[in-house]
Amino acid sequence: MTNYGYEKLCAELKNLKEVERPKIVVEIDVARSHGDLKENAEYHAAREKQAFIEARINELGLMLSQAQVIDPATLKHDKVSFGSSVKILNLDTDKEFVYTLVGSMESNPSRGLISVSSPIAKALMGKKQGDEVSIMLPSGENEFEILEVFYKEIVFGD
């Protein structure tokens, strides 16, 4: 993963530990004060939320402990690879798109960050400027031309 992805997961873990966990403890105490726990839907919902939070904390802790942070700035970007940004032209619609290939945990398609394991990224991997590639999309097979392969730093919090 990139440093952006690592920082994003660290921020989520910090929020869960320092904000969400204490908040759910208070919710459980309030629900507990309403009496009989057997028929207390508020209590059961709060306990379920607490279990989800704890599971996510454990999951993030494991991911971060095993993460391999790669600085894409140190890689060549003469061909599409991890961390590359790529500008492509849909030859069928004449629309241009810019995507940055990142790890699966940091993908955010609305920001143009796509997972290296996505069908689009897999089709683009190893290609260079000027290459044409056929990519299967939900709308069917589309032809794209790679207009540019470059490196663009991703900053957490943008």
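Helices (H or I, at least four residues) and strands (E, at least two) are DSSP runs, and they are numbered from the N terminus. Residues are counted from 1 along each chain, as its sequence is written. What you see is a predicted model, in which local features need pLDDT of at least 70, side-chain atom pairs count only at pLDDT 80 or more, and totals for chains, interfaces and linings use all residues, while side-chain values use heavy atoms, with hydrogens and water left out.

How confident is the predictor here? Its confidence in each residue is the pLDDT, from 0 to 100. The chain averages 90, and 98% of the residues score at least 70. Strand 1 (residues 84-90) has the highest confidence, at 95, and strand 4 (residues 132-137) the lowest, at a mean of 90.

Now to the salt bridges, each a side-chain nitrogen of Lys or Arg within 4 Å of a carboxyl oxygen of Asp or Glu. The structure holds six of them. Start in helix 1 (residues 3-32), where Glu 20 and Lys 23 are three residues apart and therefore separated by about one helical turn. Their closest N and O atoms are 3.6 Å apart in a salt bridge. To describe how covered such residues are, we call them buried under 20% relative accessible area, exposed over 50%, and partly exposed in between (1.4 Å probe, protein chains only). Glu 20 is buried at 18%, whereas Lys 23 is partly exposed at 40%.

Another bridge links two helices. Lys 49 and Glu 27 meet through their side chains at 3.8 Å, N to O. Because Lys 49 lies in helix 2 (residues 41-66) and Glu 27 in helix 1, the pair ties together parts that are 22 residues apart in sequence. Both count as partly exposed, Lys 49 at 35% relative accessibility and Glu 27 at 32%.

Glu 59 is partly exposed at 40%, but Arg 56 is buried at 16%. Salt bridges with shared partners also join Glu 12 to Arg 56 and Glu 59 in one network.

Definitions and conventions
pLDDT = per-residue confidence, 0-100.
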